[in-house]
Amino acid sequence: MKRDNSKKYAKVLFSVVGESAEADETGELLKTFVTVCNKETMGFFSNPFIAENKKVEIIKTTLTELPDAVVNLLRLLIKKNEMRCLAEISKKYNKLLLDSKNIITVIVVSAEKLESSVNERVKNYIRQITKKNVLLTEEIDKSIIGGLVIKAGDLVIDGSIKGKLKSICVCLLK
């Protein structure tokens, strides 16, 4: 089984692009490319019977807006037969980009849509804990019944009714 080199590739791409204006665009282009690439497309790029230069040429001619750094990354991934890592590279690159801007991604899970005042309170709370700017994403999950689950990096705060009920069950079973 091959090693996952996605972090290494993401770091190299980030070091090449740096914190330039092109860095944000590169992150968005990677996300878009991953979204557009389905299983068949990835199969094409992984096919050993298709010449590497043909694969690279297709990328260059069809995706003319890609910066040279991304084209070079794709060329390397094709050569090393590691296009399967592209989705992870994109995630890790965008994480590096956010880290460089002192931004943390926070996911707030609730049973129903939250008022903006609640989102602001969550943002302020996480900002105080992490000392980072907060990029908040909301998710609706009716199965949590009520309350909130807040995910910020490795930190998970489960204030949901579902989580409380699980805790009670665990205590009762001891």
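Colleague: Which residues does Glu 139 touch, not counting residues up to four places away in sequence?

Modeller: Leaving aside residues up to four places away in sequence, Glu 139 touches Ile 107, Val 108, Val 109 and Ser 110, where contact means heavy atoms within 4.5 Å. This is a predicted model, in which local features need pLDDT of at least 70 and side-chain atom pairs count only at pLDDT 80 or more, while totals for chains, interfaces and linings use all residues. Residues are numbered from 1 along each chain as its sequence is written, and side-chain values use heavy atoms, with hydrogens and water left out.

Colleague: Why does Glu 139 count as partly exposed?

Modeller: Its relative accessibility is 36%, and partly exposed lies between buried, under 20%, and exposed, over 50% (1.4 Å probe, protein chains only), so Glu 139 counts as partly exposed. Glu 139 is found in strand 2, strands being DSSP runs of E with at least two residues and helices runs of H or I with at least four, numbered from the N terminus.

Colleague: Which residues are buried in helix 7?

Modeller: Asn 119, Val 122 and Ile 126 are buried there, and because they cover an arc of only 60 degrees around the axis, they lie on the same side of helix 7; the arc is that of the directions from the helix axis to the C-beta atoms. On the other side of helix 7, Arg 121 and Gln 128 are exposed. The buried residues of helix 7 pack against strand 1 (103–110), strand 2 (133–140), strand 3 (148–152) and strand 4 (155–158).

Colleague: Which helix has axes that come within 10 Å of those of helix 1?

Modeller: That is helix 5 (residues 68–79), whose axis crosses that of helix 1 (residues 6–17) at roughly 155 degrees, with axes fitted to C-alpha atoms, over the stretch in contact, and angles running from 0 to 180 degrees between N-to-C directions.

Colleague: What makes helix 1 roughly antiparallel to helix 5?

Modeller: The crossing of roughly 155 degrees is set against the classes: under 35 degrees is roughly parallel, over 145 roughly antiparallel, 65 to 115 roughly perpendicular and the rest oblique. Helix 1 is therefore roughly antiparallel to helix 5. The contact involves Tyr 9, Leu 13, Val 16 and Val 17 of helix 1 and, among others, Leu 73 and Leu 77 of helix 5.

Colleague: Which residues of helix 2 meet helix 6?

Modeller: Among them are Gly 27, Leu 30 and Phe 33, and in helix 6 the partners include Tyr 93 and Leu 97. The axes of helix 2 (residues 21–36) and helix 6 (residues 86–100) come within 9 Å and cross at roughly 155 degrees, which means that helix 2 is roughly antiparallel to helix 6.
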